[in-house]
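Please look through the sequence and the model below, and then follow the explanation from one local detail to the chain as a whole.

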Amino acid sequence: MNPYIEILRPGNALMGAISIILVALIDKTISIPIILAMLAVFFETAAGNVINDYFDYNIDLINKPERPIPSGRISLKNGRNYAYLLFLIGTLCGFLISYLTNNWIPFATVLFADIALYLYAYTLKTTPLIGNLTVGFLTGFGFVFGGFTINNPSIVSTSLFLGFFAFVMTTAREIIKDIEDIEGDMTDGAKTLPILIGEKKSAVLAAILIILDSVLCPLLYYYHIFGILYLIIIAIAVILFVYSAVLILKSQEREVAAKVSKNLKIGMLIAFVAFALGSLI
């Protein structure tokens, strides 16, 4: 794969864009601002991934030496400039949304994301729990960004609920990823949550967040946000979530943490499918 595409982590960036599609499906609308919102989230997420790799160069030399920057396929300078370009494109999309809708909340939101993503990569990532919460917040805020783009009060309320779901599950996954990366983080002098309080306690916190989200999932059906098909599909995701919580509680080995992180990502994709189909039926 071309290193400039690989470093974007296109799968993660697309997941961010999907949050906008899901909100649009709920509102049963499509427009130029919605398309621009999808592009904004994609480029902002991609920019965050690239700038994160730039600042994580030393850590990735140990944890992920195959990544484009530590492997030497992209230089540090080119990686940094590439991130700046992606931030600029995402910000331009946010400006166009606000200009077309005469609503400046989307543009302000993108500017906030620019600052938060940069600060996360530069310093917040190594701050215990704060870094995890920042990633969770930004992931969940993608849904809220879609709601503000549509600018319908009922859609904004629904997007807040979906955003909270994504916030909690993403925070849990970020804690587990810190367990997975503890060796490299300790070598680089980082102070992540597993380093500060231990892997077991971090696993317990992550498991609590996973179970909390799993318990809340049926509420979206109970409050008639989604139909019966949502309930059927989300049950699959919930089973995977609970299984993952049990796994990480039993063992905090690097291989187990990597498997749980992957399971949670798959579960979130299933949940997104449940959101999409549940909004139609």
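Predicted model: local features only at pLDDT ≥ 70, side-chain atom pairs only at ≥ 80, totals over all residues.

The phi angle of asparagine 151 is near 60°, a positive value in a residue other than glycine. Most residues other than glycine have a negative phi. With a relative accessible area of 48%, asparagine 151 counts as partly exposed, because that class covers values between 20% and 50%.

A positive phi is also found at arginine 9, where the angle is near 50° and the residue is again not a glycine. Arginine 9 belongs to the loop between α1 (3-6) and α2. The relative accessibility of arginine 9 is 19%, and since buried means under 20%, this residue counts as buried.

On the α2 side the contact is made by residues including Pro10, Ala13, Leu14, Ala17, Ile20 and Ile21, while α3 contributes, among others, Ile34, Met38, Val41, Phe42 and Asn49. Sorted by class, the contact of α2 with α3 holds 13 nonpolar and four polar residues, with no charged residues.

Helix α3 (residues 32-55) also packs with helix α5 (residues 76-101), here at an angle of about 160° and with the axes 8 Å apart. By the same cut-off of 145°, α3 and α5 are therefore roughly antiparallel to each other. In this pair, α3 passes α5 in a left-handed crossing. The contact of α3 with α5 comprises 23 nonpolar, six polar and two charged residues.

These pairs belong to a chain that has 14 helices and zero strands. Of its 281 residues, 51% count as buried. Among contacts between residues at least 6 apart in sequence, 74% join residues at least 24 apart.

As for overall dimensions, the C-alpha atoms fill a box of roughly 50 × 40 × 30 Å, taken along the principal axes. A compact globule of 281 residues would have a radius of gyration near 19 Å, and the chain, with 18 Å, therefore agrees with that expectation.

Terms used
Residues numbered from 1 in each chain as written. Heavy atoms only, no water. Axes fitted to C-alpha atoms, helices over the stretch in contact; angles between N-to-C directions. Helix = DSSP H or I, 4+ residues; strand = E, 2+ residues; numbered from the N terminus. Parallel < 35°, antiparallel > 145°, perpendicular 65-115°, else oblique. Left-handed = near helix turned anticlockwise from the far one by under 90°. Nonpolar A, V, L, I, M, F, W, Y, C, P; charged D, E, K, R; others polar. Rg over C-alpha atoms; globule rule 2.2 N^0.38 Å. Buried < 20%, exposed > 50% of the residue type's maximum accessible area, 1.4 Å probe, protein only. Contact = heavy atoms within 4.5 Å.
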